[in-house]
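Subject: Structure handover

Hello,

Here is the structure I promised to pass on. Please open it first, then read my notes below.

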Amino acid sequence: MEQPTMGAMQMSFDDKQKVSATSSTIKMSARDVKVFYGDTEALHGINMDLYENEVVAFIGPSGCGKSTFLRCFNRMNDTIDSARVTGEILLDGRDIHDKKLDVVQLRAQVGMVFQKPNPFPKSIYENIAYGPRLHGLVDNNKSDLDEIVETSLQRAGLWKEVKDRLDAPGTGLSGGQQQRLCIARAIAVSPEVILMDEPCSALDPIATSIIEELIDELKGSYTIAIVTHNMQQAARVSDKTGFFHLGDLVEINETREIFTNPKDSRTEDYITGRFG
Amino acid sequence: MNTETVNLPDQTDLAKKRDLMQQRVTKSLKRRHSQEQRFRMMGVAAVVAALAFVALLFITILSKGVPAFWQAHITLDVHFDEQLIKIDEKPVRMESESEAEFNQRFLAWQTQLGFINFNRIILNAIAKEIPEAADHPRDAMQLVTSGERFALRDMVRDDPSIIGTTQRLTMLADANIDVWVKGNVDRDLPTSQQQISTLTQEWADELVDRGVIENSFSTSLFMNPDSRSSLASAGLAGAFMGSLMMMLIVMFLAVPIGVASAIYLEEFAPQNKLTDLIEVNINNLAAVPSIVFGLLGASVFILWFKLPLSAPIVGGLVLTLMTLPTVIIATRSTLKAIPPSIRSAALGLGASKVQSVLHHVLPLAIPGILTGAILGIAQALGEAAPLLLIGMSSFVASVPATPFEQSTALPVQIFLWQGNELRNFFEARTSAAIVVLLALMISLNAVAIWLRKHFETRW
């Protein structure tokens, strides 16, 4: 079971070697981030940098805090009453917990794709148009909005499939299409960072590979952080991988390094399938 | 090798054990099936029993109530005798006159009209059909309900030119005639126990034979307010209007307040001891007997706020208080059922909390909210107990024009009629009023169902 998997990963690393031209600009950084749910400390002081045009994958066993940490980057933990976040998270050097920074503005800059596809129960068009309209990105101009809808759907690789039925309900699409619709919806507000919380966990392998290709394409324009349970996926799509365990970031490094030469024994145990 | 030989007897043992297990399973299967069967039968029996009771209820009410929509009418040639109707010309407003002056003149004319003996005109009309009636005015006047003389007066008031003419008019027969004609009274009872004299009984039968008295559809039940002097023309108009006003008040107060508080409690309020306490109390309020709300209304709205007694405004406010918990609970459970992923999706795109609720959660919740609201309103519509305590059980013989005027309500009217001393007539009338109330409720529920379907099929 282990051997062929690792082989497949090896191959994908080689493919990627050519593409991965990592820029060194830090887009977001987390410093000593702790998250409490009531009195329980779920994350024990995490430090991490997200670089521009890079995909970072968060892996780790269930309940290790990777999704919680991901949600810190756009302050989605604010919506949970009992959750409390301490530490510093910077976006382009600015603290996102700054009183002067509106959380609405932050979320326009840092978009999110959720585990379960969650299109609004509205038409495909309305799903995409909602964000731009909300933030006033278009001056009530139908053709501008049409253009945003079209480009977003094109970037998400969904345009060809839905262009003739933009008025059809978004909830009527297949699971994979719905998730791409959600990605299109996220990029329609032109964010700088996209957070993806296990975006493929509810999808079949074909839909998953389409999304993975999409992520690869999108990283040219966005900074992407993705939580995944699927280690091959992490290997395939990410430039860097962070391994979380029991609320700690055990190790973060180039994906290739993590999978071939992990520094920590816990990482090794996890990626070789000994636990998790 | 060694183990295999040892295992052999074990395997036959195992097969035996399996057989035994299978037998046991088969046995228990039989028991389980019969248990299931019994359970289903009980369920079906319960449903059938419930339906039978509903059917029985409807059959009794309809069979009693529907005949009340048909009433005995008497058709007579009424001569508006100019010898009897001696009045001045109907005043017309002159240009030199102020409105008050004209009103005074008109009032004086109406007083003059009020003194005219319209009973005499009716009696003359009856005498045309039955000549000996002229000698027995008391018996003759038992044929036509007393309210008709006012109807004749109003005809003259509206159009004095009919004076001197003869009109063929269909008038409501007296309630006792209606009862007699329909056979709702034991004809063998001695005269002393009959409501109408023997002479009137004979005349009534004769007029029925000649087709002068006919049982025909009557709008009086819908068009007239309650009446005690002219029972045959007692109607639901006043109660209906009162109920309608109260429903409007409930709709415009309970629904917005209830929905707003539910949204606040469900979507915005922090989860703490205080909101827990509020939630528990709202649930308790929904279980408070409605008569307690009546007491509250009497002491707060009438004694403290000095609002008028027996007025739909007070009734509406009391019913609003009673309906609020229902609306809040229904709305909250609807909001709870909206998947949180929709809220996350909106928040993740940068919508504010209010925007995520208004743009996404609320539209999805509308069918449920509407259903809850209309069920609450229907409940309020059928409520009589709290209204008794704020004076709405008094006899009101007019249709209220504003919510501050005295009025009664449909369920209270049913209660009043149910206690009327002329049972033979009002038993049917009460059932007819119940039919009207039920029809109103069924249409409200139908609207609720239609609204839910309408908003649901949008997505």
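Helix 12 and helix 14 of chain B are roughly antiparallel to each other; that term covers angles over 145 degrees, while under 35 counts as roughly parallel, 65 to 115 as roughly perpendicular and the rest as oblique. This is a predicted model: local features need pLDDT of at least 70, side-chain atom pairs count only at pLDDT 80 or more, and totals for chains, interfaces and linings use all residues. Residues are numbered from 1 along each chain as its sequence is written, with chains lettered from A and ligands numbered from 1 in the order in which they are written.

The axes of helix 12 (residues 312-337) and helix 14 (residues 353-381) of chain B cross at roughly 150° and come within 8 Å. Axes are lines fitted to C-alpha atoms, for helices over the stretch in contact, and angles run from 0 to 180 degrees between N-to-C directions. Helices are DSSP runs (H or I, at least four residues), as are strands (E, at least two), numbered from the N terminus.

Residues in contact have C-beta atoms, placed from the backbone, within 7 Å. Helix 12 of chain B brings residues including B:Leu319, B:Thr326 and B:Ala330. Helix 14 of chain B answers with B:Gly368, B:Gly372 and B:Gly376, among others. By class, this contact of helix 12 with helix 14 of chain B has 11 nonpolar, 8 polar and no charged residues. Ala, Val, Leu, Ile, Met, Phe, Trp, Tyr, Cys and Pro count as nonpolar, Asp, Glu, Lys and Arg as charged, and the others, Gly among them, as polar.

Next, the chain contact. 16 residues of chain B touch 21 residues of chain A. Helix 13 (340-348) of chain B gives the most to chain B's side, with 6 residues. That side divides into 8 nonpolar, 8 polar and no charged residues.

In chain A, helix 4 (residues 124-134) and helix 7 (residues 175-188) have axes that come within 7 Å and cross at roughly 25°. These two helices of chain A are therefore roughly parallel to each other. A:Gly131 of helix 4 and A:Arg185 of helix 7 are among the residues making the contact.

Last, helix 6 (residues 175-182) of chain B. 7 of its 8 residues are buried, so helix 6 of chain B is largely enclosed by the rest of the structure. Buried means 20 or more other C-beta atoms within 10 Å of a residue's own (exposed: 12 or fewer; partly exposed: in between), with C-beta atoms placed from the backbone. B:Trp180 is one of the buried residues. Just after helix 6 of chain B, B:Gly183 takes a positive phi of about 75°.

Best wishes

Terms used
Contact = placed C-beta atoms within 7 Å.
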